[in-house]
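Have the structure open beside you as you read.

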Amino acid sequence: MFNFGILLPDLLSILTVVPRTIAMAVTIFVFATILGSVFTLIEHRRIPVLRELVIAYKVFFKGVPMVIAIFLAYFGLPPAFEFIASLVGLEINGYATPSWVLLIIALVGCLAAFQAEVIKGALNSFDTGQADAAHSLGYTNIQMSRRILLPQIVVAAIPDLATSLMVTMKALSLGFAISVVDIFAQAQLTAALNYYYLEAFVVAVVVYMTISYTITRGADMLERSLRVW
Amino acid sequence: MLELKNLKLSYGTSQILNGVNFSVKRGDVVSIIGPSGTGKTTLLKCINYLVKPTSGTIDFDQIRMDYARPDKATIQAIRLRTAMVFQQFNVFKNMTVLQNVMDPLVVVQRKSQDEAREIALMELDRVGLSAKKDQYPAQLSGGQLQRTGIARALAVRPDVMLFDEPTSSLDPELVGEVLKVIKDVTSSGITSILVTHEMQFAKNISNRIVFMDAGVVAAEGSPSEMFDAPANPRLAQFLSTELETQ
Ligand SMILES: Nc1ncnc2c1ncn2[C@@H]1O[C@H](COP(=O)(O)OP(=O)(O)OP(=O)(O)O)[C@@H](O)[C@H]1O
Ligand SMILES: [Mg+2]
């Protein structure tokens with residue numbers, strides 16, 4: 001029997017981790033977007049060596065399942081931190097790094113590869129004739145980017161960026177593997193106490209959908225207010 | 001005032017310009033004609049370095065550059081004295097008509113908003129677009145977009161106007177309004193170089209015609225020399241096929 005009475009307590013329990021989940025998702029999203037932009041810039045400018053490294057990076061992180069990247073970070077980063085610190089003569093306990101930090105690093109690593117593609121797509125949607133026109137009038141590259149390129153590609157990228165923010169939020173559920181508690185993990189833990197698994201996951205789905213709807217609507221409104229043309 | 005010597009350019013392995021010599025005197029209206037794909041657009045873009053020739057020189061009044069040794073400051077000096085009108089209009093999509101014309105004045109020439117607006121409104125009036133000044137490009141016809149492009153170019157007060165097939169992407173019924181504006185501009189005495197397939201128009205407004213073929217200037221002369229008694233057999237052939245299609 002489906003237990004309706006348990007839904008409200010479940011909801012209250014799950015809501016306690018919503019701020020933390022969103023905070024982690026936004027942090028990952030911001031860093032992944034910055035890193036992805038740098039990657040795209042390197043590729044676009046055809047900077048030798050760095051460009052090949054970016055391509056190799058993207059192949060690796062697009063291909064490796066995120067859960068493996070998370071385990072690699074979980075087991076690999078603490079000794080790596082200790083090793084790097086020892087190079088500058090410091091002694092630290094790498095294994096004291098909180099799991100959520102390792103999770104954020106792993107997911108930034110993975111999602112940066114995807115963000116790079118999102119930004120590349122937006123950049124490719126820009127018709128270079130406008131850049132030619134600007135240059136012919138004496139705009140520098142920076143002036144052209146600031147006045148013409150960026151305003152257009154930021155708006156073009158909004159729908160895809162909103163999607164990747166939601167992908168990021170869902171990817172956090174993989175953090176359960178290294179005991180970082182997000183919405184999904186909290187549903188799991190709540191159910192483990194009372195055995196009402198179905199109810200807990202139904203509540204989790206409702207919470208995810210609410211967040212997703214809010215992000216989509218927010219992105220739509222942002223796009224509409226910025227796309228004045 | 002402007003002289004290009006022995007200009008060469010290739011894309012990958014295909015040689016597009018094979019040593020072009022080309023010059024313009026102050027006040028000239030020169031039309032460049034020739035078959036599709038012979039490098040007319042490319043030649044025009046060499047002047048403001050939107051494409052990079054491998055060799056050749058440019059002399060533009062006191063400015064001089066060897067394309068084998070391009071120099072940022074010189075390129076910028078040339079760009080500040082020329083303005084280009086594009087086949088695909090290339091107006092800035094995120095700006096209104098007025099902003100399109102004002103922006104280069106504010107960003108590049110560092111004029112005040114008020115001064116830029118005053119100049120822009122004057123040029124928009126000249127091309128007959130005052131009523132559309134607050135519209136975005138997405139709301140305009142091709143003819144209106146091209147007139148925006150022309151106003152933007154005129155507003156920077158260039159010494160030389162470069163027109164690259166300004167009417168080729170327009171619906172036939174919109175060609176007239178743009179040609180009328182160009183005619184008005186060229187007859188005002190501003191030095192102009194016009195790449196075009198509008199033979200009759202070229203004949204009417206130009207004082208010199210340059211025929212390009214296979215990456216070189218194959219013939220040049222006055223409109224009557226070129227159109228009424230073409231000495232060059234390739235030119236004669238080109239003109240007869242053009243007249244057939246028009
Ligand atoms: N970016 C590019 N990369 C490679 N080839 C190019 C590029 N731009 C132009 N070309 C080639 O260079 C040649 C000359 O092009 P250009 O645009 O100068 O010709 P055009 O004389 O202006 O022709 P049209 O009358 O059709 O406009 C063409 O064969 C074209 O395919
Ligand atoms: Mg052309």
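What follows goes feature by feature through this predicted model.

## The open sheet in chain B

Let's start with the antiparallel sheet. Four strands of chain B make up an open sheet, ordered β2-β1-β4-β5, with antiparallel pairing. At the edges you'll find β2 (14-24) and β5 (63-66) of chain B, each with pairing on one side only. On average, and ignoring direction, neighbouring strands here are turned by 15 degrees against each other.

Zoom in on β1 (residues 2-11) of chain B: eight bridges join this strand to β2(B) in the antiparallel sense. Along that pairing, L9(B) sits opposite L17(B) of β2(B).

## Helices on that sheet

Helix α1 (residues 40-47) of chain B lies across β1, β2 and β4 (55-60) of chain B, and runs at about 120 degrees to β1(B). Helix α2 (residues 72-81) of chain B also packs on the sheet, where it touches β4 and β5 of chain B. The direction of α2(B) makes about 130 degrees with that of β5(B).

## A covered strand: β8 of chain B

Strand β8 (residues 191-195) of chain B is mostly covered, with five of its five residues buried. T191(B), I193(B) and V195(B) point one way from β8(B), while S192(B) and L194(B) point the other way.

Which strands pair with β8(B) in the parallel sense? One is β3 (residues 29-33) of chain B, joined to β8(B) by four bridges, with S31(B) opposite L194(B). Another is β7 (residues 160-164) of chain B, which runs parallel to β8(B) over five bridges; in that pairing, M161(B) stands opposite S192(B).

## Rings and charges

Over all chains, the structure holds twelve aromatic pairs. One of them is Y139(A) with F92(B), an edge-to-face pair at 5.9 Å centre to centre with 70 degrees between the planes. This pair crosses between chains: Y139(A) comes from the loop between α6 (129-136) and α7 (141-171) of chain A, and F92(B) from the loop between β6 (82-85) and α3 (97-107) of chain B. Both Y139(A) and F92(B) are buried. Elsewhere in chain B, R81(B) lies over the face of F60(B), 4.9 Å from the ring centre.

Within chain A, F176(A) and F184(A) also pair edge-to-face, with centres 5.6 Å apart and 85 degrees between the planes. F176(A) counts as partly exposed because its relative accessibility is 31%, and F184(A) is partly exposed as well, at 26%. Chain A also has a cluster, in which ring pairs link F39(A), Y57(A), F60(A) and F61(A).

## T190 of chain A

Last stop: a threonine in helix α8 (residues 183-194) of chain A, namely T190(A). Is T190(A) buried or exposed? T190(A) counts as buried because its relative accessibility is 11%, and the cut-off for buried is under 20%.

The side chain of T190(A) reaches the backbone oxygen of Q186(A) at 2.6 Å. Leaving aside residues up to four places away in sequence, T190(A) touches D10(A) and S13(A).

Technical notes: Residues are numbered from 1 along each chain as its sequence is written. Chains are lettered from A and ligands numbered from 1 in the order in which they are written. This is a predicted model: local features need pLDDT of at least 70, side-chain atom pairs count only at pLDDT 80 or more; totals for chains, interfaces and linings use all residues. Side-chain values use heavy atoms; hydrogens and water are left out. Two strands pair if DSSP finds at least two bridges between them. Helices (H or I, at least four residues) and strands (E, at least two) are DSSP runs, numbered from the N terminus. Axes are lines fitted to C-alpha atoms, for helices over the stretch in contact, and angles run from 0 to 180 degrees between N-to-C directions. Contact means heavy atoms within 4.5 Å. Rings of Phe, Tyr and Trp (its six-membered ring) pair if their centres lie within 6.5 Å; planes under 30 degrees apart count as stacked, over 60 as edge-to-face and the rest as tilted. Buried means under 20% relative accessible area, exposed over 50%, partly exposed in between (1.4 Å probe, protein chains only). A charge sits over a ring if NZ of Lys or CZ of Arg is within 6 Å of the ring centre and within 35 degrees of the ring normal. A polar contact is a pair of N or O atoms within 3.5 Å; within protein, one must be able to donate a hydrogen and the other to accept it, and residues adjacent in sequence count only if both atoms are side-chain atoms.
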